[in-house]
Each structure stands twice: as structure tokens, then as C-alpha cells.
Amino acid sequence: MDAVFLKILNLGVSASFLMITVFFLRFALRKTPKWMICMLWGLVAVRLACPFTIKSALSVVPKRPLHLETGEESAPFPANAAANSPDTTGIETTTVKDVPKKNGKDGMLYAATAPQPDTKIDIFSIFSMIWAAGVVLMVVYYIAGYCKLYRLTRVSMALYENVLICDGIDAPFVFGILRPRIYLPSGLKGTQVKYVVAHEKAHIARLDHLWKTIGFFLLSIYWFHPFCWISYLLFNRDIESACDEHVVRTFNLQDKKNYANALLTYSIKPKTITASPLSFGGNGAAKRIRAVLRYKKPAIWVILTSLAVCIVTAACFLTDPASESKADAGSISREADARVPHNKTKPAPSIKDGNKANTTSGENSNKTNAASGKNSNNANAASGEEKEPKIDVVDRFMDIDWEKVEKLRFTGDDITNPTDIVCIGELPKHDIKIYGYNDKEVCLHGVAVEMKGDVNYFDWAYTSPRRILPDLYWDEPRGQLQIAFHIYSGTGVDASSLYVLQRYDTGTLRPHLFDLDDYRAQLEKRIGYRFDEKSKVLTLTDLKTKKELASAKLPYGNITGIELGLISSFQLGSSITYQVTPGYHVDGSAMPQYDDMPALEFDVNLNVDENEDITFELGNARKKL
């Protein structure tokens with residue numbers, strides 16, 4: 001229920017901008033046909049009801065989310081992200097906003113303390129239950145009103161077609177959803193029947209009975225939103241005015257006067273209807289009477305201008321900004337203070353505590369059993385035990401003299417000696433530097449990314465004992481920092497993890513991981529093979545396109561399978577390329593063989609959902625030249 005309520009809050013925030021715009025346009029377009037104003041209310045309904053939107057460069061919806069508890073702006077984190085906890089199966093990130101170039105008097109960096117997550121979740125759950133109770137009450141109210149009308153109209157007499165006369169009502173209205181009928185009070189004067197029935201038939205022709213029902217149920221879901229109540233009230237007035245215009249457009253002056261008199265008659269009747277049907281009078285009747293008497297057919301330029309305004313409004317407010325470097329306008333974060341968010345993502349592939357360094361030797365290499373496909377930590381393979389770091393590298397990073405760290409220079413892969421902090425990469429043109437933690441207790445583990453004065457901390461392994469440092473690329477148009485960490489190393493293993501860090505205006509970097517488990521799972525579904533024992537030719541095929549990718553003549557004739565992903569790497573850039581050399585299994589050998597095997601290349605597609613979560617997909621495949 002919490003997730004549903006959070007989504008409703010997100011949609012309500014996004015729709016607020018459109019509702020405010022329609023409030024203004026409704027006043028500015030006074031001379032436009034009212035049916036076009038109803039179209040604008042239709043856009044509001046779409047924005048409130050649709051759980052997803054498309055991206056557009058024309059969108060003017062702000063993309064900076066609100067913080068639920070404090071109202072402050074913050075970077076978006078998933079609603080299910082856990083706060084700081086002792087769970088070591090995930091990756092913990094800590095962000096400090098706007099770290100100054102010059103530190104405080106004691107040379108330390110400061111960050112706000114994250115509130116306790118349990119309190120937040122409890123409070124949010126209480127609000128969720130209150131919201132759900134309000135929705136139920138609104139629906140019960142509607143059903144009760146519907147039942148009351150049913151009882152009032154149960155005894156009625158057909159006049160003609162779908163028009164009935166009823167003694168129990170004092171105002172004409174349309175009742176019914178699938179089979180709407182027009183009910184007239186028995187005291188209705190004969191001269192007024194013509195105008196009242198014409199009005200109610202116009203409602204049915206325009207499907208107003210359906211639109212009003214949909215509007216009420218949207219109001220039931222967003223009952224807490226004041227703009228929704230105002231919008232529903234104005235929408236009711238506008239559909240009545242639109243129906244008036246539909247009826248009187250062919251009337252002469254006398255018919256308009258008679259129609260206005262009928263409106264006046266039923267505008268002063270006491271209300272006994274509680275389910276908000278389409279009644280003839282009583283909804284802004286005074287303004288409607290003036291509008292009826294003054295009605296003139298609108299000029300064609302007015303209609304075209306109004307239609308253009310509707311189209312522009314839809315393009316600007318039914319879409320989200322195409323840029324991915326900003327936070328979601330309709331997103332509301334349930335996380336702690338944005339200056340110190342804690343984001344748990346998935347652990348390293350198939351390796352228990354794969355993001356934790358070995359505290360005794362500092363090694364983070366992985367030896368892969370090719371026969372079973374399972375990874376284990378090479379340093380502790382004999383005992384089968386994993387050891388936790390003795391210190392929290394993120395806390396240690398936040399407790400250092402940053403003025404000294406900024407003086408460090410990138411020295412290539414020469415990080416043999418423990419020196420507390422080392423610069424493991426930089427992009428000077430974009431004011432980006434990456435540091436790794438490297439003291440005697442914990443080395444090759446713990447990453448800090450400094451970008452344009454902002455520092456983000458991550459509990460990651462950044463290399464293996466081979467000391468190959470990460471590859472970096474800054475994708476300016478998307479606002480994304482790409483990092484390929486060479487952390488998988490050992491006998492028959494040489495692979496990387498790819499992180500794409502989305503940067504937001506707050507300075508926060510949100511990480512998205514594509515690791516060994518991910519691309520191996522995709523390769524298994526993507527690459528097939530066939531082996532000709534007579535010619536000893538192994539052919540690799542693309543299971544998606546059914547095309548042959550590459551072939552190799554092998555020295556063995558008893559191939560039992562292929563190994564995918566253990567020898568692979570990423571080429572970073574505006575388009576990311578994944579390169580993999582498949583291996584093959586031979587009877588009697590525990591390790592895959594790679595002799596004479598061709599390398600393959602894949603385009604890496606980044607897919608972004610409505611929550612701006614990035615997922616990775618292997619795209620077009622080909623033989624590496």
C-alpha cells in the first residue's frame with residue numbers, strides 16, 4: 001500500500017502544474033467554446049490516471065523531486081531503498097552535497113546525520129492507511145448516493161424513449177452509466193420540457209455521464225489534493241456550460257430566453273440529490289443564464305487558436321523532460337536527508353560480500369570454477385570464510401582532511417604501497433577525480449567521486465590485486481559518469497563491472513550496476529553454438545537474430561559446452577560496447593579453454609523507466625574485428 005500511495009503522491013505533484021495552468025487558461029480563454037475547456041480537463045485526468053509518461057524536449061514540468069518529510073529538494077532514490085544498516089549484501093553510498101574546496105577550521109568534512117528509517121516508514125505507513133480509508137469513504141459515499149437515487153426513481157413513468165417522469169424528485173437529471181435515462185420531475189411545465197430534455201440529451205450525446213463518473217473516482221483517489229477538488233468543481237461547471245452551448249447554438253433569441261427561464265426555475269430548487277448526477281440547474285446557474293443570452297457562434301480563428309493552445313498544453317504537461325540529468329518532478333523521496341542518502345543496490349555477482357575487501361591480505365580477486373560457474377574469494381578459498389573490513393571505509397573517507405586528498409595526483413596503476421588514499425582516475429577537462437581507499441587495514445576497496453566540488457562516497461571494490469585501475473568516461477548530454485572497474489581476476493577470469501552514475505542538480509550521483517551476473521545471464525539467452533565433431537568447427541550464433549556470428553576450428557573433438565562472460569571488458573563512450581571472448585569446455589578439464597576463439601562485440605543499451613532507473617541490455621551483436 002505504501003508503494004501505491006507514494007505513486008499517487010508522485011502523480012499528484014506532477015499533475016499540480018497542469019491543473020494550475022488550466023486554472024489560468026480557463027480564465028484567459030473566456031471566449032473559446034466550452035467544449036475545448038473540457039478537453040483541458042481531460043488532459044488533467046490523463047495526467048492523474050496514467051502511471052507513466054513519455055519524454056519530450058517540449059516538457060515544462062519541473063524535474064526536481066520533493067522530500068516527503070522535510071519538503072526539501074533531494075535527489076530521487078527508490079522507495080524501497082534501505083537506510084544505513086549492517087546488511088553487507090548490498091552497496092552503500094553516502095553523499096555529501098557541496099563539499100567546499102577549503103575545509104573548516106579543523107580540516108574535517110561535515111555531513112548531516114540521516115534520520116532513523118524506522119520512524120519514517122511508520123509515519124508514511126500511517127499516512128498510507130489514512131489515504132486508503134479516505135478512498136473507501138469516498139467510494140461508499142458515491143454508492144450510497146447512487147442507491148438513494150435508485151430508490152427515488154424506482155417508481156417512474158415513461159414519457160417517451162428514454163425520458164421518464166418521477167414524483168420523488170424536484171429537478172431533472174440524467175441517471176445511469178451504461179443505459180442513461182432522463183428523469184423529469186412531475187411538476188415540470190409542458191413548455192419547459194423541450195428545453196430540459198434537449199439539455200439532458202446533449203449530456204448523453206457528449207458522454208458527460210461517463211466523464212463525470214470518471215472524474216469523481218479520480219477525486220476519490222486524490223481526495224487529499226486541494227487542487228483536485230477545485231478542478232472537479234470547475235469541471236462540473238464547464239460541462240454544464242458546454243452542454244448549454246451545444247443546445248442553444250441553433251436557438252433564436254426567444255428560445256434562448258425560454259431556456260434561460262428554465263435554468264432559473266431549477267437553480268432555486270432545494271437539492272435532494274447526493275450522488276452528483278447531471279442535473280439541469282443549480283450549478284453556476286446565474287453565469288450560465290448570462291452566457292446563454294449572450295451566446296454567439298465563435299469565430300474560426302478563436303477555435304483554431306484554442307485548439308493550438310490545447311495541443312501545446314498537452315505537449316508541455318503530459319510529458320516529462322527528455323534530459324536525464326535532472327530529478328523526477330513528480331517523485332517524492334522517502335529516504336533520509338539528501339545530503340547523506342543510503343542506497344542499497346545489489347551485491348557483486350555470485351560472490352558473498354563481493355564488495356568487501358579481504359582484511360588480511362587486501363585481495364579482492366575471484367577464482368572461478370569453470371565447471372560449476374560459481375565464484376569464490378581466492379584469498380579465502382581454503383577455509384571458505386569471508387572476513388569483514390575492520391573499519392567502515394565510507395565513514396573513514398568522510399573523516400579525512402580533504403584538502404590533502406585534493407592535492408593527490410593520478411599516477412597510473414602504481415598503487416602498490418598502502419598510502420591511505422590514492423587517486424585512481426581523473427577527467428581534468430570535466431573537473432572529475434576518483435579516489436580509492438588504500439590503507440593497511442582495507443585496501444583496493446572504497447571509492448570517492450569528486451565532481452565539480454561535490455563528493456560522493458561508495459562502498460565498492462575498485463580493482464583486483466592486479467592493480468588495473470578503472471576506465472572513465474563523462475557523457476555530457478546525458479549527465480552520466482561511466483566507470484568500468486576491473487575487479488574480477490584470477491585463473492580464467494578477467495572481467496569488469498560497469499557503473500553508470502546519473503548526476504542530478506543536487507550534486508548527487510545515483511549508481512546503476514551492470515555486473516558479471518547480469519551480462520552472463522543475458523549472454524546465455526543470446527549466444528548459441530553448434531559443434532561439428534568431424535570438422536572440429538565451433539560456430540557461434542545469435543539466438544535473437546538467428547544469424548551466425550563467428551566460427552573457429554578447435555584442436556579438440558569433444559566439446560561439451562561454452563563459457564560466456566569470464567573474459568570480457570567494456571569500451572566506454574557516447575555508446576558503450578561490451579566485448580567478450582567465449583570459452584569452451586572439454587571433457588576432463590576443469591577450466592574453460594580459449595585457444596583460437598574469436599571475440600564478440602555487443603552494443604550496450606541503457607533503458608530508463610519512469611522512475612529513472614537505468615537497466616542494461618545487450619544490443620546488436622557482431623564479431624570483433
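At what angle do helix H2 (residues 34–49) and helix H9 (residues 300–317) pack, and how far apart are their axes? In this predicted model, the two helices meet at about 10 degrees, and their axes lie 10 Å apart. Angles under 35 degrees count as roughly parallel, so H2 is roughly parallel to H9.

Let's look at the residues in that contact. From H2 come Met36, Met39, Leu40, Leu43 and Arg47, and they meet Ile303, Ser306, Leu307, Cys310, Thr313, Ala314 and Phe317 of H9. By class, the contact of H2 with H9 holds nine nonpolar residues, two polar ones and one charged one.

Now for a sheet. Three strands form an open sheet in the order S21-S22-S23, and their pairing is antiparallel. Strands S21 and S23 are at the edges with a single partner strand each, so one side of each has no neighbour in the sheet. On average, neighbouring strands here are turned by 20 degrees against each other, direction ignored. Strand S22 is joined to S23 by six bridges, and leucine 538 stands opposite alanine 552 in S23. Helix H12 packs on this sheet, touching S21 and S22, and its direction makes about 55 degrees with that of S21.

| Element | Residues |
|---|---|
| Helix H12 | 516–526 |
| Strand S21 | 527–532 |
| Strand S22 | 537–542 |
| Strand S23 | 547–553 |

Finally, the cysteines: a search of the whole structure turns up zero disulfides. Cysteine 166 is buried, because its relative accessible area of 0% falls under the 20% cut-off. Cysteine 423, at 2%, is buried too.

How values were computed. Residues numbered from 1 in each chain as written. Predicted model: local features only at pLDDT ≥ 70, side-chain atom pairs only at ≥ 80, totals over all residues. Heavy atoms only, no water. Disulfide = S-S within 2.5 Å. Buried < 20%, exposed > 50% of the residue type's maximum accessible area, 1.4 Å probe, protein only. Pairing = 2+ DSSP bridges. Helix = DSSP H or I, 4+ residues; strand = E, 2+ residues; numbered from the N terminus. Axes fitted to C-alpha atoms, helices over the stretch in contact; angles between N-to-C directions. Contact = heavy atoms within 4.5 Å. Parallel < 35°, antiparallel > 145°, perpendicular 65-115°, else oblique. Nonpolar A, V, L, I, M, F, W, Y, C, P; charged D, E, K, R; others polar.
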